[in-house]
Amino acid sequence: MPNEPLPNPRATTLRTATAQFEAVPDRPDLNLQTIRRLAGKAAEEGAQLVVFPEMCLIGYWHLRRQTTRRLEELAEPADGPSMRVVSGLARELGVGIGVGFLEAGSDGSLYNSYTLCLPDDTQHTHRKIHAFEHESIDSGSRFTVFDTPWGVKMGILICWDNNLVENVRATALLGATVLLAPHQTGGTNSRSPRGMKPIPAALWENRATDPEAIQAAFRGPHGRGWLMRWLPARAHDNGMFILFSNGVGKDDDEIRTGNAMIIDPYGSVIAETWVAGEAIVTADLDLGLVPLSTGRRWIRGRRPELYTLLSQRQGSELDPRAARFSTDAVTL
């Protein structure tokens, strides 16, 4: 039976799920089958919302190698055929479903976008504001915060959007208490000497015969260990729940590390997985934790008159693509 939307607009709990899976490149039909299967499982577990990874409809890292014409062939509008399927599934299951895709904007631009389809037929789309995947994929220019049928205000930030602390703080100031954070990360070849490094492909290929080895890698410094350096702080410092969804497995020439997790407003991980395969994790969000959380109290102690520096260009800024791939040492 479909999950009914919460009848109480001030409900104090929200059951949510976040997913990880290995997208099949350029095959939205197959990836939609996975989304249907996992969303159905989440609904059976009582979830009212399920979050899927960044660009999960067509795959991610291989896009950087494609021509602009090929990207245009893969892109769909936010109300296109794939999103109509997801919207119909949300209505059928009575569950909010968030998915990432390559958007063909009505302005003629391409965007790394993420749409949350709600069971009341409403949709909310965020365009990644720090897009670096391809020179033909543009960055969005606004934050995305919205009301939901459950009386909870939510926001969306995609992958690198979450790394820049200002974006999460702005999303909190706009009223979001739940942040959807779809990613394709882990196992990247960071230029930082103590940043992430690739996961050996052999560990992934041998995951069935040696699951302990790949799980150790996923939990290590190039997967979960890297996330723990910063992701819980985004939740803690802003008094927000974070629903972290990620790809898992082969993503072109890198191995994504999964680690789907749900983090509470105190920065505590309340549900997670490091399984080397598709999975969902489910947890009840105790919304009563938000009002007196440390981050919310810290926000009230801000002195905005001192922070004009944060909104002024310093002359060292780069566009997202240049910043992501620059090999130059940074001096501010």
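Which residues of strand 4 lie on one side and which on the other, and are they buried or exposed? In this predicted model, Leu110, Asn112, Tyr114 and Leu116 make up one side of strand 4, while Tyr111, Ser113, Thr115 and Cys117 make up the other, and all of them are buried. Strand 4, which spans residues 110–117, is thus covered on both faces, with eight of its eight residues buried.

**Pairing of strand 4**

- Strand 3 (residues 96–104) pairs with strand 4 in the antiparallel sense over eight bridges, and within this pairing Gly100 has Tyr114 as its bridge partner.
- These two strands form a hairpin with five residues between them, and Gly108 in the turn has a positive phi of about 90°.
- Strand 5 (residues 123–127) is also antiparallel to strand 4, with five bridges, and here Cys117 is the bridge partner of Gln123.
- Strand 4 and strand 5 likewise form a hairpin with five residues between them, in whose turn Asp121 has a positive phi of about 80°.
- Strand 6 (residues 137–138) runs parallel to strand 4 and is joined to it by two bridges, with Ile137 standing opposite Leu110.

**Nonpolar cores**

- The largest nonpolar core holds 66 residues, of which Ile35, Phe52, Ile97, Leu102, Met154 and Leu180 touch the most other members.
- Helix 1 (residues 28–44) gives the most to this core, contributing six residues.
- Leaving aside residues up to four places away in sequence, Ile35 touches Phe21, Phe52, Cys56, Leu57, Leu89, Ile97 and Val99.
- Another core, of 19 residues, lies apart from the largest one and includes Val168, Leu179, Ala181 and Ala235.

Definitions and conventions:
Residues numbered from 1 in each chain as written. Predicted model: local features only at pLDDT ≥ 70, side-chain atom pairs only at ≥ 80, totals over all residues. Heavy atoms only, no water. Core = buried A, V, L, I, M, F, W, Y, C linked by side-chain atoms within 4.5 Å. Buried < 20%, exposed > 50% of the residue type's maximum accessible area, 1.4 Å probe, protein only. Helix = DSSP H or I, 4+ residues; strand = E, 2+ residues; numbered from the N terminus. Contact = heavy atoms within 4.5 Å. Pairing = 2+ DSSP bridges.
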